[in-house]
Amino acid sequence: LYVGKQERCIDSFIQNNRIILNLLAVISPSLLDTSLHTLKSMTYTNPPQASSSSHTSAVSHYLYFETREGYLRYSCQLDYKQLADDGEIDEEYVMSVNRNSILSDTFAGFTAHTNSELKRSLFIEFQEEMGVDSGGLTREWAELLSRDLFNPGYALFVQMGKDGAFQPNPCSYINPEHLGYFQFVGRFVGYAIFKNLQLPVRFTRAFYENLINTNSKRSICLADLKETHPDVHRNLSTLLTTDGCESLYLTFSIDTDVFGSTKTVDLVIGGKDIPVTDTNKVEYADHFARFLLSTSIESQIKEFQTGLYGMLKSELFNLFSAEELEQLIVGQDDCIDIKDWQNHTGYEGYDKTSEQIVWFWKAVESFKKDARAKLLAFCTGSSKLPLGGFSKYREKFTILKGTCTSGEDRLPQAHTCFNQLVLPCYSSYDQLTRCLAKSLDLSPVGFGLS
């Protein structure tokens with residue numbers, strides 16, 4: 001807790017002026033490195049309106065998420081400017097990947113280049129395809145690679161719980177290069193955050209907790225098992241509410257299955273000789289949870305962190321909770337905002353009052369969440385929006401006028417390299433919706449220049 005009159009005065013001042021302080025930090029993020037730097041390091045226990053975590057960083061209470069995300073972007077821009085000043089971004093790096101071997105090709109490409117080289121102008125080229133990477137190819141590469149990482153054949157990650165979130169596979173060592181791959185995945189995720197690319201990944205909340213710098217994370221505990229191991233969570237919860245657990249003859253150890261063989265592992269030093277009693281059963285349950293969600297995958301987590309912190313300074317992660325880190329990586333999970341899409345759309349051959357454009361937005365508004373995401377992927381190469389919405393695209397989304405003679409059902413086309421949709425001049429709303437739906441159903445893979 002804050003103690004002393006000076007600390008209480010600072011706390012009161014910040015709370016009373018929180019809106020103004022956030023506005024100043026949004027307008028000039030560099031203030032968080034100078035006159036407002038205190039806001040990045042203030043911590044205390046159980047602040048007002050804080051989360052249920054036992055220790056919460058005050059920065060997440062005083063500075064809004066948008067302010068902190070803006071500071072992260074400012075830090076990335078500063079890093080990029082430093083690379084330019086050092087003469088490290090003079091050359092473009094084109095990484096050529098094959099869709100059928102995207103993981104191994106990217107792994108090789110990342111291994112052959114330093115973090116500074118990757119953070120400069122990296123462009124993606126799909127082998128045997130024509131395309132210019134103005135953002136669309138990079139987004140599709142990131143999305144395809146993200147999905148490939150979770151292929152069970154690589155044994156890197158396992159799905160947990162009913163929600164199907166992923167965490168490192170404790171048996172990933174079956175792949176002799178597994179630690180190198182975890183560092184690579186950390187670099188890839190760090191690169192995505194640096195470039196504001198959103199990834200279709202879903203890690204467990206406990207894994208996000210493990211990734212956050214030690215100074216700002218809480219300990220993994222029994223409650224975290226509810227998401228990943230619901231049956232274990234239920235059994236341990238029952239143990240905690242039942243007297244006389246000595247009769248179960250449990251010890252501070254756990255039996256693990258390693259490819260069909262049982263191995264007993266101590267949860268603490270000498271754990272197999274320490275009986276579980278009503279006095280220490282809470283400690284036992286927490287150690288059990290930490291083993292499953294942290295200790296058993298400690299080497300994988302460390303390598304992931306090494307890769308992640310190589311791309312972004314580790315102290316930046318002190319600004320965010322586990323939930324917010326997920327938002328930085330995954331992006332906006334809300335339904336796509338049609339008004340935001342319309343406000344950041346350009347037109348060539350059409351204008352916003354054109355009949356076909358009015359019909360197009362009417363059709364989009366009628367789409368459900370999944371259909372809107374599919375249309376976004378069709379037009380841009382990714383179903384995920386960057387944080388900040390459509391205004392953050394490198395190339396503005398544009399609808400171009402295409403030709404369409406009467407009675408001809410010519411399908412819309414997309415140039416994902418440039419975030420462009422070619423919309424034929426349809427003669428009716430029904431024709432437009434029919435052809436648009438058919439294009440989305442076909443969802444062709446690959447890039448070409450026309």
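Helices (H or I, at least four residues) are DSSP runs, numbered from the N terminus. The views below show a predicted model, in which local features need pLDDT of at least 70, side-chain atom pairs count only at pLDDT 80 or more, and totals for chains, interfaces and linings use all residues. Residues are numbered from 1 along each chain as its sequence is written, and side-chain values use heavy atoms, with hydrogens and water left out.

**View 1. Tyr62 in helix H3.** Tyr62 lies in H3, which spans residues 59-62. Tyr62 has a relative accessibility of 1% and counts as buried (buried is under 20% relative accessible area, exposed over 50%, partly exposed in between; 1.4 Å probe, protein chains only). Ile19 is 43 residues from Tyr62 in sequence, and their C-alpha atoms are 9.0 Å apart.

**View 2. Cys221 and Cys245.** Cys221 is partly exposed, at 23% relative accessible area, whereas Cys245 is buried at 3%. Zero disulfides are found in the whole structure, a disulfide being a pair of cysteine sulfur atoms within 2.5 Å.

**View 3. Helix H7 against helix H8.** Two packed helices are described by the angle between their axes and the distance between the axes. The axes of H7 (residues 136-149) and H8 (residues 178-194) come within 12 Å and cross at roughly 150°; axes are lines fitted to C-alpha atoms over the stretch in contact, and angles run from 0 to 180 degrees between N-to-C directions. On the H7 side the contact (heavy atoms within 4.5 Å) is made by Trp141, Ala142, Leu145, Ser146 and Leu149, and on the H8 side by Phe184, Val185, Phe188 and Tyr191. Eight of these residues are nonpolar, one is polar and none is charged (Ala, Val, Leu, Ile, Met, Phe, Trp, Tyr, Cys and Pro count as nonpolar, Asp, Glu, Lys and Arg as charged, and the others, Gly among them, as polar).

**View 4. Helix H5 against helix H8.** H5 (residues 102-111) and H8 have axes that come within 10 Å and cross at roughly 80°. The two helices are therefore roughly perpendicular, the term for angles of 65 to 115 degrees. Leu103, Thr106, Phe107, Phe110 and Thr111 of H5 meet Gly180, Tyr181, Phe184, Arg187 and Phe188 of H8. This contact of H5 with H8 has six nonpolar, three polar and one charged residue.

**View 5. Helix H8 against helix H13.** H13 covers residues 298-311 and packs on H8 at an angle of about 35°, with the axes 7 Å apart. Residues in the contact include Phe182, Arg187 and Ile193 of H8 and Glu303, Phe304 and Met311 of H13. By class, the contact of H8 with H13 has 10 nonpolar, eight polar and two charged residues.

Definitions and conventions
Parallel < 35°, antiparallel > 145°, perpendicular 65-115°, else oblique.
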